Amino acid sequence: MEYHSERCKACGACVKACEKGATRVLSLNENLGRIEKDACCCVGCGECVRACPTSAWTRRETPFYRVIIGGRTGRQTPRAGKMFLNWASEDVILNTLKNWQKFSAYVMDNKPEYLHGGHLIDRAGYKKFREIILDGVKLNPECLVAENVFWNETEYRSNFNVKPLNLCK
Ligand code: SF4
Ligand code: SF4
């Protein structure tokens, strides 16, 4: 979202909209008569744009994307994906995807083998994955990259995470 302070009449409607329907990252600075945003947690939903009567919030024309990696379905070790890139441009996405083959060839030592992407990332480790998958990719200035990824395995059928108490470290 882009904020045009010269159009803002400090009515607070966007603050309420973000509070009610999104992430509560907007606040009204009454002294300055303008809106402030905690950029940490804006999800780009556009509720502030819809609420603003003066078009002081507008959407950028360029779409940005979020990339979630390593999630998998299946009965044994399903898990949710984690954020890898945020606010990435389309070019960044396409160029990143072009490196996938190089990454999987590296992990499997060029042998054809059927493995989910999440398992490949586990084998290589996130940092190696990031190094290869972003090799030669020029990130747009807005793009943020995960410094690390902490997987949270969820067990359903399998017992890989439970053992007799005396064997627990
Ligand atoms: S885009 Fe959504 S999360 Fe971001 S400031 Fe606007 S309402 Fe809040
Ligand atoms: S809704 Fe628009 S005019 Fe009202 S405070 Fe927010 S940005 Fe300013």
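The following exercises, each with a worked solution, concern the structure shown above.

The model is predicted; local features need pLDDT of at least 70, side-chain atom pairs count only at pLDDT 80 or more, and totals for chains, interfaces and linings use all residues. Residues are numbered from 1 along each chain as its sequence is written, while chains are lettered from A and ligands numbered from 1 in the order in which they are written.

**Exercise 1. Determine whether alanine 10 is buried, partly exposed or exposed, and describe its backbone.**

Step 1. Alanine 10 lies in the loop between β1 (2-3) and α1 (13-21); helices (H or I, at least four residues) and strands (E, at least two) are DSSP runs, numbered from the N terminus.

Step 2. The phi of alanine 10 is near 55°, a positive value in a residue other than glycine. Most residues other than glycine have a negative phi.

Step 3. A residue is buried if 20 or more other C-beta atoms lie within 10 Å of its own, exposed if 12 or fewer, and partly exposed in between, with C-beta atoms placed from the backbone. Alanine 10 has 15 C-beta neighbours inside 10 Å and therefore counts as partly exposed.

**Exercise 2. Carry out the analysis for arginine 24.**

Step 1. Arginine 24 is found in the loop between α1 and β2 (26-29).

Step 2. Although arginine 24 is not a glycine, its phi is positive, at about 60°.

Step 3. Because 12 other C-beta atoms lie within 10 Å, arginine 24 is exposed.

**Exercise 3. Describe how α4 and α6 are arranged.**

Step 1. Helix α4 (residues 100-107) packs against helix α6 (residues 126-133) at an angle of about 140°, and their axes are 9 Å apart. Axes are lines fitted to C-alpha atoms, for helices over the stretch in contact, and angles run from 0 to 180 degrees between N-to-C directions.

Step 2. Angles under 35 degrees count as roughly parallel, over 145 as roughly antiparallel, 65 to 115 as roughly perpendicular and the rest as oblique. The helices α4 and α6 are therefore oblique to each other.

**Exercise 4. Describe the shell around ligand 1.**

Step 1. Ligand 1 is surrounded by 15 residues, the closest being Cys18, Ala22, Cys42, Glu47 and Cys48; a residue is near a molecule if its C-beta atom, placed from the backbone, lies within 6 Å of it.

Step 2. At least two residues of this shell come from each of α1 and α2 (47-51).
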